[in-house]
Amino acid sequence: MFFHKKLSHTITLHPSFLGPRMREFVTQRLYEDVKDSCSGRYGYIVAVVAILEIQMGKILPGLGSAEFEVQYSAILFRPFRNEVMDSVVRKVSRMGFFTMAGPLEIFVSTQLIPADMKFNQHSNPPSYHNDEQKIEVGTLVRVKISGVRIDATAIYAIGTIKEDYLGVIE
């Protein structure tokens, strides 16, 4: 699920960056620091939409660096349990397969794959297949998230394709 949220971030600038182009350096550092990062509380930061405010900097004693508090709005991606999403298969193994839905990696275990789909390790690349479908690296798959674990810097998900309307997208 995608959200639009106002966030803040603290940026420290070396004294060599303090000068007429200081706002430009703060903006550039913000984009570098937060884009494609993951916050356990909010999820993945997909994009910075706008910088709302750059507060007055504070000089850090002994270092000469300046610390700026930046308020910005961002697009966030946070998956939830029972959410259905389309993803691309990245790795197939005997234990199941891994898919990517944007920055989120989803593992689909063999217990959560329909019983008629069998693993074929001798095919190149390895795949799960039945009479109608074949899941291999690069295949588009519709997955339902059955579990999510959120750490401070990463989100892990387990998915299933064992229900109706899930599986290979043609």
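Predicted model: local features only at pLDDT ≥ 70, side-chain atom pairs only at ≥ 80, totals over all residues.

Q: Which residues touch the most other members of the largest nonpolar core?
A: A nonpolar core is a set of buried Ala, Val, Leu, Ile, Met, Phe, Trp, Tyr and Cys residues joined through side-chain atoms within 4.5 Å; buried means under 20% relative accessible area, exposed over 50%, and partly exposed in between, with a 1.4 Å probe and protein chains only. The largest such core has 23 residues, and those touching the most other members are Phe-97, Leu-104, Ile-106, Ile-135 and Ile-161.

Q: Which residues does Leu-104 touch, not counting residues up to four places away in sequence?
A: Contact means heavy atoms within 4.5 Å. With residues up to four places away in sequence not counted, Leu-104 touches Tyr-44, Phe-77, Pro-79, Met-85, Thr-99, Ile-145, Ile-155 and Ala-157.

Q: In which sense, parallel or antiparallel, does β13 pair with β8, and in which with β12?
A: Two strands pair if DSSP finds at least two bridges between them. β8 and β13 are joined over four bridges in the parallel sense, and on this side Val-108 stands opposite Gly-159 of β13. With β12, β13 forms a hairpin that has four residues between the strands, and Val-148 has Ala-157 as its bridge partner in β13. The sense is therefore read from the bridges that join each pair of strands: with β8 it is parallel, and with β12, over six bridges, antiparallel.

Q: Which residue forms a salt bridge with Arg-142, and how many residues apart are the two?
A: A salt bridge is a side-chain nitrogen of Lys or Arg within 4 Å of a carboxyl oxygen of Asp or Glu, and the structure holds six of them. For Arg-142, which is partly exposed at 31% relative accessible area, the closest N and O atoms of the pair are 2.8 Å apart. The pair links distant parts of the chain, with Arg-142 in strand β12 and its partner in strand β6. That partner, partly exposed at 41%, is Asp-86, and the two are 56 residues apart.

Q: Which elements give two or more residues to the lining of the largest pocket?
A: A pocket is found on a 1 Å grid over the protein atoms alone, as an open set of points where a 1.4 Å probe fits, with protein on both sides within 12 Å along at least five of seven lines, and its lining residues have an atom within 4 Å of a point. The largest pocket is lined by 15 residues, with Glu-105, Phe-107, Ile-155, Tyr-156 and Ala-157 nearest its centre. The elements giving two or more residues to this lining are β8, β12 and β13.

Q: Which strands are the edges of the open sheet of three strands?
A: This sheet has the order β9-β10-β11 with antiparallel pairing; three bridges join β9 to β10 (residues 127-129), where Phe-119 stands opposite Tyr-128. The edge strands, each pairing on one side only, are β9 (118-120) and β11 (134-135).

Q: Is Ser-123 buried or exposed?
A: Ser-123 lies in the loop between β9 and β10. Because its relative accessibility is 16%, Ser-123 counts as buried.

Q: Is Val-168 buried or exposed?
A: Val-168 is in strand β14 (residues 167-168). Leaving aside neighbours within four places in sequence, Val-168 is in contact with Gln-133, Lys-134, Ile-135, Thr-139, Leu-140 and Val-141. Because its relative accessibility is 17%, Val-168 counts as buried.

How values were computed
Residues numbered from 1 in each chain as written. Heavy atoms only, no water.
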